[in-house]
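Have a look at the sequence and the structure first.

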Amino acid sequence: MTRQMIRCVLAFLCVMSLSGLVGAAGVAKNTPFGVTFTTANFQHGVTLSDQIDTFKNASQVGSTIMFVYLWGTSNATELNDLGTRVAIARQFGLKVFIQFSSVARGKPTPPDGLPETWTRAETRDRYVQDVMQVARLKPDYLNVSPEVNIMAYFQPDEFNAYKGIYPNLYTKVKLITPSTRVGVSYLDLLWVGRNQAGLPDELGTRDFIGITTYPDNVFGSVAEIPTAWYGLIRSAYPNEPIIFNEVGWGSVDPSSNAKQAEFVAALPGLFRNVKPELVIWALLHESGYFQVRYLSQDALDFLNSVGADPDVLFAKFNSVGLMTANGTKKPAWYEAMLLNFSTAGL
């Protein structure tokens with residue numbers, strides 16, 4: 001089945017009940033846990049069945065599904081596909097989190113060759129326009145700038161310019177969809193290491209504070225993660241909703257399937273003092289998306305400047321899935337199915 005045919009069928013499912021076609025639509029699991037939408041057979045041709053299975057599996061293991069919308073490659077087709085997937089997620093009883101990926105290496109990544117800087121009006125206007133298009137899908141959560149602290153640290157002039165965009169953007173989104181919870185996220189390693197607890201107040205009103213965490217980039221095992229690593233977040237923001245919008249641990253060497261599963265099983269304990277509203281696992285299926293050969297020289301230079309080996313980093317990211325690329329459930333999946341955050345007070 002071609003990609004266009006899949007789109008047509010998925011669109012058809014949006015205007016019909018899924019009952020009797022892909023199984024009765026149900027209520028997703030009652031848990032803070034969720035997953036990011038990635039399908040099986042990413043590299044060998046995704047089928048309609050692959051996509052429906054993704055929603056089924058997401059509702060079995062979690063309450064929420066996250067879609068990542070890449071601003072730099074956005075177009076009408078991608079927006080239509082996103083709208084279709086949001087509608088199907090609703091049929092499965094899943095809450096919807098959309099992550100509007102708008103920045104790379106601290107600079108904006110606009111489509112259509114627009115200038116990669118927030119100081120240009122055409123880039124700012126297109127960003128607001130495109131975020132509004134996504135907001136009209138009325139997701140439960142909308143992260144309008146993932147890992148904004150990378151921009152603050154590596155491109156402070158861009159962050160200063162962005163501070164003039166965000167407050168108005170927040171207001172515009174809430175006018176379209178008042179129930180959508182809006183915010184940005186921060187990479188925990190940089191947030192902790194550079195004492196960036198004050199950054200949210202520099203941006204202004206938000207409905208949550210998002211955190212990205214891949215602790216295997218720092219720690220070799222769960223036992224090495226300090227008790228205070230995540231507790232610092234709650235200490236900094238004692239009364240605000242915290243969302244871990246990207247949580248991951250790879251399964252390739254020097255890690256393993258067993259170490260990844262151990263980390264998943266440890267999540268309720270690790271987050272006990274934070275009591276996050278959501279915990280979104282970074283990939284449902286392993287992916288071949290992260291390829292070093294696709295990196296620009298600027299991107300390679302950036303990774304080198306922060307001491308990251310792109311081959312090691314990308315292999316790790318691609319292995320984060322709870323399931324393999326062909327849909328086989330990994331040990332981490334079975335641990336995720338057993339998660340009970342209520343015993344940790346979440």
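Start with helix α10 (residues 228-236), where W229, Y230, G231, I233 and R234 are buried. Buried means under 20% relative accessible area, exposed over 50%, and partly exposed in between (1.4 Å probe, protein chains only). Among the elements covering those buried α10 residues are α8 (188-193), β9 (209-213), β10 (242-247) and α11 (257-270). Contact here means heavy atoms within 4.5 Å. Helices (H or I, at least four residues) and strands (E, at least two) are DSSP runs, numbered from the N terminus.

A quick word on where this comes from: it's a predicted model, with local features needing pLDDT of at least 70, side-chain atom pairs counting only at pLDDT 80 or more, and totals for chains, interfaces and linings using all residues. Residues are numbered from 1 along each chain as its sequence is written, and side-chain values use heavy atoms, leaving out hydrogens and water.

Now for strand β2 (residues 64-70): five of its seven residues are buried. Two strands pair if DSSP finds at least two bridges between them. Strand β1 (residues 33-36) pairs with β2 in the parallel sense over three bridges, and T36 stands opposite M66 in β2.

Most residues other than glycine have a negative phi, and most peptide bonds are trans.

Finally, a cis peptide bond joins D253 and P254, with omega about 15°. P254 sits in the loop between β10 and α11.
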